[in-house]
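Have a look at the fold before reading on.

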Amino acid sequence: MVTSLRNGLVRRNVLKGLSGLSAGLLLPPVRAQASAANAGAASTAVPPDVTTQPPRQWGADAPPSYAPDPDVVVIDRSFRDLVSGNATIHRVWNAGTWIEGPAWSAEGRYLLFSDTVTSRQYRYLWETGEVTVFRPESYHSNGNTFDYVGRQISCEHFLRRVVRWEHDGSVHVMADHFEGRPLNSPNDVIAHPDGSIWFTDPGYGDSVAEGHADAAGGEANPDGRIRWRVGEELIGAVGGMHKQSDHTFRVDPSGRIDVVLTQEQLPNPNGLCFSPDFSHLYVISTGRQSGAGGHDGDLSVHEFDLHKQELPLSNPRLFTNMRFEGVQMIPDGLKADIYGNLWCGVGGPLGLCGVFVFNPEGHLIGRIRLPHGVSNLAFGGPKRDWLFMCAGESLYRLQVNTQGAGPA
């Protein structure tokens, strides 16, 4: 459970970036901003981001960061073993709208991620650092992963389905219905070495921004005021038009879809991941989304026991309630490293949001502060020792002293 370190912290101090005090506060002020001639060429923050003191610039033309990075905050000394004192956070791209679903392709040596609003998929190329359009139409994809034979799997909000891209370039629909009813808005997906895939299917992706609302009378459009057919020609032709209950699902290698968790057991499911030995499943319950409906989750991370991948799950328990500094943080996506630590993207007030890192017992051991909440993250790079973080419109990276546990 996250415990408060300074219960008396007031909002004004949060906005000054004083949470998680670090040695960066003692350093001299940064130099003045570049001249007007150079200002337009930089992708730096204008004005500077004041999460960190002294204020920090981001982007290719930003001055060098201090080391150790003042925004890599050690809470427990065990976190020092997971981060390098010389590694600094870098923003590598900031041309998105709301980016999600990062997944590393070990064979292709690129990071795949989605822009759920513009309905594109992008890839960050390891050798050059470029970000290029990967799929110009992704049907508002959200979560992505690669299975244990390297095939891409994506959750499509617009078509309300989960698909797998085969090695020959064809697409296979893994799930689009359950018990005769269309899915809601598949959100996050993970692969198991037994060939199954596990995914969450909440209702809050059924929105105008990230797909399309329900037809009139549906839960996402109860009074019919939303013009749900506007803007895209496939609305109503492919995919569902009415929500069903929230679920967390498993698709086994034969294609059978099993319920892992019902709405009653865990409403508004979001990010999910396995422990390194596949004996535990972690699932986030997200709160009701503004303007997108959904149900009242508890904004917490929940843990379940797995027994040889057989269902049902057992021993449900709270992993962390995500409260910090007296503030209810907003968890989103998460990944496990090889030691069983959970790296969780979180939203919340400026100065508190970013990434929270928990040990296997659920104790908060470290934080990564960013100027925007993190929707999801992934371990990438050829050695899987770079943490890539999707935060609003931007992609960040940080080299770490651990490796990702999953295939992507």
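A cavity here is a set of grid points where a 1.4 Å probe fits but cannot get out. Keep in mind that this is a predicted model.

**The cavity**

How many cavities of 30 Å³ or more does the structure hold? The search turns up one. The volume of the largest cavity comes to about 260 Å³. Its lining is made up of 23 residues, and Ile190, Cys273, Lys335, Gly406 and Pro407 are the ones nearest the centre. Strands S7 (141-146), S13 (189-191), S17 (269-274) and S23 (330-336) each give two or more residues to that lining.

**The nonpolar cores**

Now for the greasy parts. The largest nonpolar core contains 22 residues, and Ile89, Trp343 and Met389 have the most contacts inside it. Five strands each put at least two residues into this core: S25 (354-358), S26 (364-369), S27 (376-380), S28 (386-391) and S29 (394-399). Of the contributions to this core, the largest share comes from S28, with three residues. There's also a second, separate core, this one of 17 residues, with Val301, Met329, Cys344 and Phe358 among them.

**Buried side chains**

Which residues count as buried? The cut-off is under 20% relative accessible area, and here are four that make it:

| Residue | Relative accessibility |
|---|---|
| Cysteine 155 | 0% |
| Cysteine 353 | 2% |
| Histidine 247 | 10% |
| Arginine 164 | 14% |

Start with the cysteines. Cysteine 155 is buried because its relative accessibility is 0%, and cysteine 353 is buried because its value is 2%. How many disulfides does a search of the whole structure find? The count is zero. For reference, a disulfide is a covalent bond between the sulfur atoms of two cysteines.

Histidine 247 belongs to strand S15, which covers residues 247-251. With a relative accessible area of 10%, histidine 247 is buried.

Arginine 164 is in strand S9 (residues 161-165). Why does arginine 164 count as buried? Because its relative accessibility is 14%, and the cut-off is under 20%. Arginine 164 and isoleucine 153 are eleven residues apart along the chain, yet their C-alpha atoms are separated by 4.4 Å.

Conventions. Residues numbered from 1 in each chain as written. Predicted model: local features only at pLDDT ≥ 70, side-chain atom pairs only at ≥ 80, totals over all residues. Heavy atoms only, no water. Core = buried A, V, L, I, M, F, W, Y, C linked by side-chain atoms within 4.5 Å. Buried < 20%, exposed > 50% of the residue type's maximum accessible area, 1.4 Å probe, protein only. Helix = DSSP H or I, 4+ residues; strand = E, 2+ residues; numbered from the N terminus. Disulfide = S-S within 2.5 Å. 1 Å grid on protein atoms, 1.4 Å probe; cavity = no way out; pocket = protein on both sides within 12 Å on 5 of 7 lines; lining within 4 Å. Points joined across faces, edges and corners; volume = space filled by probe spheres on them.
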